[in-house]
Amino acid sequence: MPEPQILLSGLAIGESPRWHEGRLWFSNWGTQEIVTVDLEGNSEVVGQGPPGLGWATDWLPDGRLLVTGQELMRREPDGSMVKHADLSSVADHGWSEIVVDGRGNIYLNGFGFDFLAGEAPRPGIIALVTPDGSARQVADGIEFPNGMVVTPDNSTLIIAESFAGHLTAFDIAADGSLSNRRVWADLGGPGNGDGICLDADGAVWTPVRDNACARVREGGEVLQRIELDRPCYACMLGGPDRRTLFMMAAEWRGIENVDEVVANRTGQVLTAPAPAPGVGWP
């Protein structure tokens, strides 16, 4: 297996990596920073996110940036942030992961309980915001919804259910609705699955327990596993040919010590060559 290389260090908790306009973009949780880094390791703070953990970014087809949090926000060309859609009728909690598919449909998820406060877990949901701005729930009963990908033909959405420890797939209808829910891959129990990405061979890269990032085929076969020295939170295929795997890693010391982890800046962006290029969204 390839040895991962450190591209960038000194981060708080890096999450939501996205390859966009020749750079890796990611959320630096705990700092409110949206950061980019190029393949030479040159980094730049390019925007501001909400406080705390659990927020992500993606782009509309016209290039405007979306940022999740308590609201779904959009950055305008002048740099101002505005609410993109009214989701109050869908849920009264904030939103975590996001993916914009090839038709401009926005899928968001949220889990509806205060994870960092130690509240009892509750199943989460997936919401859809269509290009006309309307919003509705399209799935529920998600056991801690995490990273999502949409296949290149816009026909399938795959989501990591971290508390269930598997990847779940849905068929996507013409109107964006989700159906035919099924286990796409069993990852071996709770604690597996976080920020994910898809490659041209139809395999998904996903963080797994015991400080690793794994390439998994539908059905659960592990095709490749990259060992790290700390937990992996998310991954993304990028680079000019989308054959570079970027992995976001940082120490984890329990929900009661998140502030300590943020302060100690153990977060890293690591890279490794991938056998197949990235496809789909994000």
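Which residue takes a positive phi near 90° in the hairpin of strand 4 and strand 5? The residue is glycine 41, and this hairpin has five residues between its strands. The legends below refer to a predicted model, in which local features need pLDDT of at least 70 and side-chain atom pairs count only at pLDDT 80 or more, while totals for chains, interfaces and linings use all residues. Residues are numbered from 1 along each chain as its sequence is written, and side-chain values use heavy atoms, with hydrogens and water left out.

**Figure 1. The whole protein chain, with one helix and 25 strands.** Helices (H or I, at least four residues) and strands (E, at least two) are DSSP runs that are numbered from the N terminus. Taken along the principal axes, the box filled by the C-alpha atoms is roughly 45 × 40 × 40 Å. Among the contacts (heavy atoms within 4.5 Å) with a separation of 6 or more, 47% join residues 24 or more positions apart.

**Figure 2. Strand 4 (33-37) between strand 3 (23-29) and strand 5 (residues 43-48).** Strands of a sheet pair through backbone hydrogen bonds, either parallel or antiparallel, and two strands are said to pair here if DSSP finds at least two bridges between them. Strand 3 and strand 4 run antiparallel and are joined by five bridges, with asparagine 28 standing opposite glutamate 33. Three residues lie between these two strands in their hairpin, where glycine 30 takes a positive phi near 90°. Strand 4 is also joined to strand 5 by five bridges, again in an antiparallel arrangement, and here threonine 36 has glutamate 44 as its bridge partner. Because four of its five residues are buried, strand 4 is largely enclosed by the rest of the structure.

**Figure 3. The largest nonpolar core, with 26 residues.** A nonpolar core is a set of buried Ala, Val, Leu, Ile, Met, Phe, Trp, Tyr and Cys residues joined through side-chain atoms within 4.5 Å. The residues with the most contacts inside this core are Leu24, Phe26, Trp205, Leu245, Met247 and Val269, and the elements that give two or more residues to the core include strand 1 (5-11), strand 3 and strand 24 (267-273). Leaving aside neighbours within four places in sequence, phenylalanine 26 is in contact with residues including Leu8, Ile34, Val35, Met248 and Val269. Another core, of 16 residues, lies apart from this one, and among its residues are Leu66, Trp95, Ile98 and Val100.

**Figure 4. Leucine 72, in the loop between strand 7 (65-67) and strand 8 (73-75).** Leucine 72 counts as buried because its relative accessibility is 0%. Apart from neighbours within four places in sequence, the contacts of leucine 72 include Leu66, Val82, Leu87, Ile98, Ile106 and Val129. Proline 275 is 203 residues from leucine 72 along the chain, and their C-alpha atoms are separated by 35 Å.

**Figure 5. An open sheet of four strands in the order 14-15-16-17.** The pairing in this sheet is antiparallel. Strand 14 (145-150) and strand 17 stand at the edges, each with a single partner strand, so one side of each is left without a neighbour in the sheet. The twist averages 25° from one strand to the next; axes are lines fitted to C-alpha atoms, for helices over the stretch in contact, and angles run from 0 to 180 degrees between N-to-C directions. Strand 14 and strand 15 (residues 156-161) pair over four bridges, and methionine 148 has isoleucine 159 as its bridge partner.

**Figure 6. Asparagine 192, in the loop between strand 17 (178-186) and strand 18 (197-199).** Asparagine 192 is buried, because its relative accessible area is 3%. Its side chain reaches the backbone oxygen of leucine 187 at 3.1 Å, and the side chain of asparagine 192 also reaches the backbone oxygen of glycine 189 at 3.0 Å. These are polar contacts, that is, pairs of N or O atoms within 3.5 Å; within protein, one atom must be able to donate a hydrogen and the other to accept it, and residues adjacent in sequence count only if both atoms are side-chain atoms.

Key. Buried means under 20% relative accessible area, exposed over 50%, partly exposed in between (1.4 Å probe, protein chains only).
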